[in-house]
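Good morning, colleagues. Please look at the sequence and the structure on the screen, and I shall then describe the fold and the aromatic residues.

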Amino acid sequence: MVCTRKNQNVTFRTSNGIFKVELYGKDNPVTVNNFVENIEKDIYKNKKFYKIISYPELKIIHSGIHNEKKSFDIQNYDINKQNAAIPLEIKLKREIEPRYKYQINNPSEISNLSYLFEKGSIAMVKKGNMTSSSTEFFFVTNKFPELDGRYAIFGKVISGFKNMEKLNNKDFIYEIIINP
């Protein structure tokens, strides 16, 4: 995979409306390029938001190809990618390159992170301690500092937040469009 290092926007067309997401390709090139490649292959088309975790002040909304699911539409899908992982990609403020297969364990390092979990953040689901799923992602609807430094945050909702926030496990993605 050739990684381009540029931020770009995508539009999620869902059964609950449209919302736009800025992807942080400058700082998270591997994660963003993997996500964009998945969009181009239409692997998220007509996929459900398969897990919603609700807390009083926060929702975590999961989608993508859930690896434990035994049946899914394999049209335009690389079967080898089902259980694939990409390196966990964490970006620190004062460093040019992101760190790969590195997780923040020291709480004093949290203030050095380029991105923290905040309203509308999108991140990849973890596959192991130092890897992320290549196909599953999640959104958070509010700050979630307990996850900071442990997941690859690679973008944020920039418009249509209310549509994203109201998603439930009956909703699905019609398509994700890469904005020019």
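**Fold and aromatic pairs**

Residues 24 or more positions apart account for 66% of the contacts in the chain with a separation of 6 or more, a contact being heavy atoms within 4.5 Å. Please note that this is a predicted model, in which local features need pLDDT of at least 70, side-chain atom pairs count only at pLDDT 80 or more, and totals for chains, interfaces and linings use all residues. Residues are numbered from 1 along each chain as its sequence is written, and side-chain values use heavy atoms, with hydrogens and water left out.

The secondary structure consists of 2 helices and 12 strands. Here helices (H or I, at least four residues) and strands (E, at least two) are DSSP runs, numbered from the N terminus. In order from the N terminus, the elements read β-β-α-β-β-β-β-β-β-β-β-β-α-β.

The chain has 180 residues, and 46% of them count as buried; buried means under 20% relative accessible area, exposed over 50%, and partly exposed in between, with a 1.4 Å probe and protein chains only. The chain exposes about 9200 Å², of which carbon and sulfur atoms supply 49%. These areas come from the Shrake-Rupley method with a 1.4 Å probe, and for residues only the protein chains shown count as cover.

I turn now to the rings. How many aromatic pairs does a search of the whole structure find? The search finds 16. Rings of Phe, Tyr and Trp (its six-membered ring) pair if their centres lie within 6.5 Å; planes under 30 degrees apart count as stacked, over 60 as edge-to-face and the rest as tilted.

One of the pairs is F12 with F137, edge-to-face, at 6.0 Å centre to centre and 65° between the planes. F12 lies in strand β1 (residues 8-14) and F137 in strand β10 (residues 131-140), so this pair ties together parts that are 125 residues apart in sequence. Both F12 and F137 are buried.

F137 also pairs with F35: the ring centres are 5.3 Å apart and the planes are at 85°, so this pair is edge-to-face. Since F35 lies in helix α1 (residues 29-40) and F137 in strand β10, the pair ties together parts 102 residues apart in sequence. F35 is buried, with a relative accessible area of 0%, and F137 is buried with a relative accessible area of 0%.

Ring pairs link F12, F19, F35, Y44, F137, F139 and F154 into a cluster.
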